[in-house]
Amino acid sequence: MKIAVVRNPIAGGRAGQKQWAPLLAAFRHRFPDLEIHESRSSGDARRLARELAVGPYDVVVVAGGDGTISDVVDGVLTSSRPEMPLAFLPIGTGCDFIRNFKLPSDPAALAEHIANAPVRKIDAGLLVSRDAAGNEQRRHFANIASVGISGEIVDAVNAPGRRRILNGPLRFLVHAARAILRYRPYDFEVLIDGMQVHQGRLAIAAIANGGWFGGGMHITPDADVADGLFDIAVMREEKILGLLNLLGRLHSAGHVGHPLLSFHKGRRVEVRPRDPQRFPVEIDGEMPIRGAFVAEILPLALTIKT
């Protein structure tokens with residue numbers, strides 16, 4: 001089996017560096033012809049994936065967090081060989097998409113698992129927006145696109161120049177608490193399959209293929225990555241203490257049933273800001289677009305080996 005690895009060398013900070021050494025040793029032992037391709041800048045993993053997808057490889061393995069996985073998914077699905085199978089090595093700050101799969105934590109066991117795992121199809125998301133000049137932007141995503149305070153938290157987590165003393169879920173938690181202390185509700189409209197489900201003030205709208213975001217927050221517990229539908233969570237909380245309480249419940253899915261939170265399913269989601277100046281959008285833990293967008297589910301578009 002010929003494998004190419006797309007690795008983000010800064011994923012996960014120091015903790016990611018420590019994780020990488022035993023993973024590399026285990027995978028080189030299991031796959032002697034392993035090739036490593038490291039991204040050099042933001043978005044470079046997308047270019048690498050687009051080039052590697054055409055072969056001569058059996059699998060492209062992503063070594064990084066959610067942003068790297070999202071870039072590779074977009075690269076493969078926009079390549080001339082969108083059916084290239086993907087596998088995943090969890091190294092990153094959040095690693096939320098990988099939570100949808102039961103993968104071994106031991107490096108040698110993970111290498112063996114990927115070697116023997118069946119190839120299967122899952123859904124992907126496609127987000128369509130327009131830039132400031134009115135040009136259409138298209139971006140595939142693997143896990144979750146969200147609007148609201150989640151976007152502000154992602155912006156803080158990824159801010160350049162900050163020392164990464166904290167990593168993983170704790171880093172998300174600290175920046176979430178800081179963002180909430182400055183919180184003011186956002187104002188936008190949400191339509192699902194052409195039907196308006198909300199107009200007005202919101203804290204978060206999450207459009208989910210997978211179940212987790214924000215470093216382990218189980219935002220959409222019923223999400224299924226292969227059912228051909230998005231799970232959409234709409235959170236209407238407007239008060240700081242109420243938002244702290246709601247977000248505190250997300251890791252255990254204790255938010256389900258809360259009167260200010262509603263869940264929906266659909267194939268096409270349109271989100272329109274009523275206040276364009278306050279509309280932070282995050283996609284798989286990154287912020288590649290701004291402004292109103294449409295998200296469409298692509299049933300069984302992504303091939304994986306997990």
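This is a predicted model: local features need pLDDT of at least 70, side-chain atom pairs count only at pLDDT 80 or more; totals for chains, interfaces and linings use all residues.
Which residues make a nonpolar surface patch of about 390 Å²?

**Close-up 1. The nonpolar surface patch.** Leu181, Ile240, Leu241 and Leu244 make this patch, with an area of about 390 Å². Helix H7, spanning residues 240–249, gives the most to the patch, with three residues. Leu244 has its place in helix H7. This residue counts as partly exposed because its relative accessibility is 34%, and partly exposed denotes the range between under 20% (buried) and over 50% (exposed).

**Close-up 2. The second largest pocket.** The space in this pocket amounts to about 290 Å³. Its lining comprises 15 residues, of which Gln277, Phe279, Pro280, Met287 and Arg290 are the closest to the pocket centre. Helix H5 (residues 149–157) gives the most to this lining, with four residues. By class, seven residues of the lining are nonpolar, three are polar and five are charged.

**Close-up 3. The largest cavity.** One cavity of 30 Å³ or more is held by the structure. The volume of the largest cavity is about 30 Å³. Its lining is formed by Arg7, Asn8, Pro9, Ile10, Ala11, Gly16, Gln17, Trp20 and Ile91. Helix H1, covering residues 13–30, provides the largest share of this lining, namely three residues. Five nonpolar residues, three polar residues and one charged residue make up the lining of the largest cavity.

Notes
Residues are numbered from 1 along each chain as its sequence is written. Side-chain values use heavy atoms; hydrogens and water are left out. On a 1 Å grid over the protein atoms alone, a cavity is a set of points where a 1.4 Å probe fits but cannot get out, and a pocket is an open set with protein on both sides within 12 Å along at least five of seven lines; lining residues have an atom within 4 Å of a point. Grid points are joined across faces, edges and corners, and a volume is the space filled by probe spheres set on the points. Helices (H or I, at least four residues) and strands (E, at least two) are DSSP runs, numbered from the N terminus. Ala, Val, Leu, Ile, Met, Phe, Trp, Tyr, Cys and Pro count as nonpolar, Asp, Glu, Lys and Arg as charged, and the others, Gly among them, as polar. Patches are made of residues with over 30% relative accessible area and no salt bridge: like charges are joined within 9 Å, nonpolar side chains (Val, Leu, Ile, Met, Phe, Trp, Tyr) within 5 Å. Accessible areas come from the Shrake-Rupley method with a 1.4 Å probe; for residues, only the protein chains shown count as cover. A salt bridge is a side-chain nitrogen of Lys or Arg within 4 Å of a carboxyl oxygen of Asp or Glu. Buried means under 20% relative accessible area, exposed over 50%, partly exposed in between (1.4 Å probe, protein chains only).
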